[in-house]
Amino acid sequence: MSGKIKSRSAANSDSITGGVSCDERILRDCHQLYTDPDSGLIPVAESVGVKLLPPRKKITVLLMGNHSAGKSSFINWYVEEHIQRTGVAIETQGFSFVTSGRKRESLTGNATLHLYPHFKPLQEFKGVSEYLSTEICTSRQKRFSLVTFVDSPGLVDGDMKYPFDVDEVILWLGDLCDLILVFFDPMGQALCKRTLNIVESLNEKHGDRLRFYLSKADEAGGESDRQRVMMQIVQELCKRPGLNKCGFDMPTIYIPNPNKPSRCVNQIEEVCRTIEKTINQTVQNTLNSLERDCELIVEAVTDKLINDRQTTVENRHARCKSCFLTLLGFSVPLALMAFLLLGALSQDLLDAALGQEGTEALSLYLMPAVKIFQSLSVEQQLYGCAGLVLLDFIFIHQTQPTLSTKQKRQLQEKLEYVQEVVKTKKKKLYEDYLRQSVSDHDMGL
């Protein structure tokens, strides 16, 4: 990065906010603050040895359950378009990502992994890539512009063979998804052991992400039949130690049909509120992560500048030692040369040049060094001179590399950019987010 870091990304983002919700704009702007090729936090952090991951612009919601539990029907209802095939048969045989975009499009496995690079490890599961797909539609109903649904294959027991390890793939996806919706239908498949086993495993690590729903509740018969089905499901779940917890809730939902009215209580809007709550929490988490990452970068840059100053001081001390040893190494032979020169000159000439007192003082200072040097053997004299030269060489090469003036200026610019531009932008985004719920007076603005 050379020259001043420009904050044009923020300006560009503000110019295209038309028709975009506040939460969507916040997530998009946060993502751009990380990924901008010129001044993004990721390249800035990499330059000081810090690795950051960009935040996602949407939440990921995984839908799982036995076959014909209504997962695909729920997605179609939520986006208000017929995207996913539905039916009593196992229609969803692989994993289908459903997201909003600029135009209607269907993507295959390879294109799906390019669209979602954080899901690329799915390639390591044998046979999964051929059963990945993405459906892109232009719907902006509800909060769909901020959601990516992952529709999973219907789970069944018995001799049903999947072309991949469906259990392991769902468990892996559960690590990455923000919300996991488990649909139980009342038609006899709700107690599928495969579903219960996967749910139990997911609950061990991501119990806070799991939500349970009795789907197709309008097909369960009367109220007493519905209660009996729910009791059976709850009893089966509570047999699992990890799922036997207080506060268990399983709302009844079904796809509303004006041509088929039902007296059953439909809590499908509760699913929408759960998605809404997850989006809000994701926005908060993204803004909090932005603040933490800014502090990491500031700390790394500051440490690098401090370490460079300490290295400069240490190098200065090393050079001073080197100069001292250099003078010491040259002083002995110079003293001998001076002594020999004095011995070759007549006393009268020295007295005339230096005066009697000067000649006596010079002899006084040179005599100890000459006597010491003469007391050594020729071999010791050579070793002594070589040792002084060696020490001088060692101290010269003890200096450590330091930052150039240009590098220090660039680090200082990065520090100022993060503190003055990114943190200011983060504060404004947080205010915009809070302003959706509270007034400026309550925010103390």
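Rings of Phe, Tyr and Trp (its six-membered ring) pair if their centres lie within 6.5 Å; planes under 30 degrees apart count as stacked, over 60 as edge-to-face and the rest as tilted. The model is predicted, so local features need pLDDT of at least 70 and side-chain atom pairs pLDDT 80 or more, while totals for chains, interfaces and linings use all residues. Numbering runs from 1 along each chain as its sequence is written, and side-chain values use heavy atoms, without hydrogens and water.

By this rule there are 15 aromatic pairs. One of them joins Phe74 and Trp77, a tilted pair with 5.8 Å centre to centre and 35 degrees between the planes. Both residues belong to helix H4 (residues 71-79), three residues apart, about one turn of the helix; helices are DSSP runs of H or I with at least four residues, strands are runs of E with at least two, and both are numbered from the N terminus. Phe74 and Trp77 are both buried, that is, under 20% relative accessible area with a 1.4 Å probe and protein chains only.

Phe183 and Tyr213 make an edge-to-face pair, 6.0 Å centre to centre with 85 degrees between the planes. This pair links distant parts of the chain, 30 residues apart: Phe183 is in strand S6 (residues 179-184) and Tyr213 in strand S7 (residues 210-214). Phe183 counts as buried because its relative accessibility is 1%, and Tyr213 because its value is 2%.

The criterion is NZ of Lys or CZ of Arg within 6 Å of the ring centre and within 35 degrees of the ring normal. Lys142 also lies over the face of Tyr78, at 5.5 Å from the ring centre.

Notes. Buried means under 20% relative accessible area, exposed over 50%, partly exposed in between (1.4 Å probe, protein chains only).
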